[in-house]
Amino acid sequence: MAGTGRSRSHRSKKKRITLALAPVAALAVIVPLMNQANAATSSEVTADCASDSDELADCRFVDVQFKANSLGPNERVSAVTDNCGSTGTATKTFNVSTSVTRTIQLEEGSTTEAGTKLGNSFFEVGLKFSTSTINITRDDKTTTLAFSRTDTVQADSIAFYMWSAKRTDVSGFLRATYKEAQDGRTVFFAPSEGAATVHVFYPQILNNGTPDGRLWLRNVKCGTAEASGVRNSTKALRSEPGFGEGGDNVTDVEIPLTEIPAS
């Protein structure tokens with residue numbers, strides 16, 4: 001991504017220098033204050049790293065802590081099948097489709113592309129967390145889960161498939177090195193050195209190439225507020241409750257990973 005420059009115009013909060021100072025002494029005080037005012041803030045470091053600013057010599061993600069097998073957002077991954085008004089169960093075919101990719105959450109909620117210095121740093125850090133038991137995707141490659149499955153829809157219910165991907169959540173901070181010194185130094189941090197608020201979510205992949213995670217069939221009783229909420233929303237916009245958290249009108253049945261076809 002093409003580098004971008006950034007100009008800063010901060011006012012020093014120091015008290016105004018009195019006229020009683022000799023001109024040379026006043027100049028000696030003013031110069032450090034101007035440099036201090038131009039020092040990179042945390043948000044500016046984040047923005048510069050995300051945009052691969054040409055003011056940077058380097059920007060790296062420094063990992064502080066990690067959590068493997070962290071479940072991601074709950075996603076609806078099939079169309080809704082209707083068995084409302086029926087007193088018996090129905091056998092239906094579902095087309096399940098979703099994908100996983102590396103996700104980066106910076107301090108300000110922005111994301112970065114893999115081609116930047118920072119993106120390369122995320123790739124390198126990921127190497128530490130890919131093991132013989134946990135295989136993760138370190139780059140921005142997308143891994144797809146797509147298959148058809150026949151299952152049972154309960155009487156007077158709607159049904160659909162839900163998915164929550166397993167990820168390795170690595171958190172830390174950004175370390176930016178600028179080409180020119182600001183306030184007498186070239187290295188700045190976001191949000192601060194030692195912080196753990198920048199997150200990189202590396203998707204975990206099974207040995208057969210399929211994304212790791214939790215897949216379940218959700219049945220929702222027709223005529224309920226829960227069913228109306230599903231019918232009146234799209235998959236991308238509705239926030240769904242997690243497995244077993246839907247309430248009395250919702251039944252969840254987990255599908256073993258061994259029953260998911262290999263990619």
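Predicted model: local features only at pLDDT ≥ 70, side-chain atom pairs only at ≥ 80, totals over all residues.
Residues are numbered from 1 along each chain as its sequence is written, and side-chain values use heavy atoms, with hydrogens and water left out.

**Exercise 1.** Find how many disulfides there are and how the bonded cysteines pair.

Start with the rule: a disulfide is a pair of cysteine sulfur atoms within 2.5 Å. With this rule, the count is two disulfides. Next, number the bonded cysteines of the protein chain in sequence order; the pairing reads 1-2, 3-4.

**Exercise 2.** Describe the disulfide of cysteine 49.

Its partner is cysteine 59, with S to S 2.0 Å. Now place both ends: cysteine 49 is in helix α2 (residues 42-51) and cysteine 59 in strand β1 (residues 56-71), so the bond ties together parts ten residues apart in sequence. Helices (H or I, at least four residues) and strands (E, at least two) are DSSP runs, numbered from the N terminus. Then take the torsion about the S-S bond: it is about 100°, so this disulfide is right-handed.

**Exercise 3.** Is cysteine 222 buried or exposed, and what about its partner, cysteine 84?

Cysteine 84 and cysteine 222 are joined with S to S 1.9 Å. Recall the cut-offs: buried means under 20% relative accessible area, exposed over 50%, partly exposed in between (1.4 Å probe, protein chains only). Cysteine 222 has 15%, so it is buried; cysteine 84 has 31%, so it is partly exposed.
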